[in-house]
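Student: Please pick one part of this model and go through it closely. I would like to know what surrounds it and how it is connected to the rest of the chain.

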Amino acid sequence: NINNTSMFKLRMGLSNNIILSGIPVVVENTVFDLPIGWNWIGYTPQLPQFLNTSLLNIPSGNAEYIKSQDYYSDYYGADVGWFGTLSSMQPFAGYQISLVEATSFVYNDATDVVLSSTHGSSQNIYSLNIHDYEFNGTITSAIYSDGERINSDDYILAAFDGNECVGYAEELIFPLDGKSIYPLMIYNNESNKKLTYEVYEKSTGQYYNVKQSIPFTSDMRYGNGIEPVVME
């Protein structure tokens with residue numbers, strides 16, 4: 001049985017279309033009763049909405065992190081709310097949410113419908129098909145050179161499993177301090193794997209090795225906009 005509140009992961013042998021048949025749920029009556037820790041959730045509204053609108057009924061501080069297959073956001077308190085590369089929730093998508101307190105909530109089915117509101121890379125420097133991978137994890141980073149933090153949109157931070165690119169990120173401006181962060185989502189088919197990192201400079205076409213070597217673990221979550229991971 002497939003229900004309306006869970007997320008499901010499906011491995012396809014070939015590309016194809018799938019038809020899901022049913023009656024739309026009554027959003028305000030569909031309660032998500034979630035324990036503390038990681039939860040896989042569906043999305044009950046019929047139209048996409050901003051993340052901060054969709055999750056308005058979760059008490060402030062009960063949830064700390066949410067991700068989809070390709071984007072993620074952290075919760076920074078009532079004044080800022082959710083911020084990251086995931087800024088809207090979409091029908092047909094599934095999400096993993098991390099709770100610090102057991103929570104029951106219903107989605108806030110509002111009228112601020114959005115067509116698309118996510119942050120993705122505009123570059124084609126790295127080749128990456130996220131559907132090749134079962135697991136993901138995230139590192140919210142800041143780039144440093146000679147001990148000085150770089151605040152510029154001239155760079156791309158990338159992660160590698162051997163010679164294979166398994167994730168890359170461009171600059172995102174963190175609203176609390178106006179500084180550059182690099183929200184890196186990384187993929188792999190092993191739950192624990194050694195990785196290397198590099199920085200690409202768009203204006204010069206130069207590549208730079210990163211000193212740090214943070215291994216991949218499934219569902220890892222390192223750093224945030226307030227305390228990003230240093231990438232030298």
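Tutor: Arg221 is partly exposed, with a relative accessible area of 31%; buried means under 20%, exposed over 50%, and partly exposed lies in between (1.4 Å probe, protein chains only). The model is predicted, so local features need pLDDT of at least 70 and side-chain atom pairs count only at pLDDT 80 or more, while totals for chains, interfaces and linings use all residues. Residues are numbered from 1 along each chain as its sequence is written, and side-chain values use heavy atoms, with hydrogens and water left out.

A salt bridge here is a side-chain nitrogen of Lys or Arg within 4 Å of a carboxyl oxygen of Asp or Glu. By this rule the count comes to six. In one of them, Arg221 meets Asp74, N to O, at 3.0 Å. Because Arg221 belongs to strand S20 and Asp74 to strand S5 (residues 72-75), this pair ties together parts that are 147 residues apart in sequence. Strands (E, at least two residues) are DSSP runs, numbered from the N terminus. Asp74 counts as buried, at 3% relative accessibility.

Strands of a sheet pair through backbone hydrogen bonds, either parallel or antiparallel, and two strands count as paired if DSSP finds at least two bridges between them. S20 (residues 221-222) pairs with S10 in the parallel sense over two bridges. In that pairing, Arg221 stands opposite Thr138.

S10 and S21 run parallel and are joined by three bridges, with Ile143 and Met231 as bridge partners. S11 (residues 148-149) pairs with S10 in the antiparallel sense over two bridges, placing Tyr144 opposite Arg149. The hairpin of S10 and S11 has two residues between the strands, and Asp146 takes a positive phi near 55° in it. Eight of the 11 residues of S10 are buried, so this strand is largely enclosed by the rest of the structure.

Leaving out residues up to four places away in sequence, Ile143 touches Glu148, Arg149, Ile150, Tyr155, Leu157, Tyr182, Val199 and Met231; contact means heavy atoms within 4.5 Å.

S17 and S18 pair over four bridges in the antiparallel sense, and Tyr200 has Tyr207 in S18 as its bridge partner.

Back to the charged side chains. Asp161 and Lys193 meet in a salt bridge at 2.9 Å, N to O. Asp161 lies in S12 and Lys193 in S16 (residues 192-193), so the pair ties together parts that are 32 residues apart in sequence. Asp161 counts as buried at 15% relative accessibility, and Lys193 as partly exposed at 23%. Lys193 forms a salt bridge with Glu190 as well, the closest N and O atoms being 3.8 Å apart. Glu190 is partly exposed, at 41% relative accessibility. As for Arg221, salt bridges that share partners join Glu64, Asp74 and Arg221 into one network.
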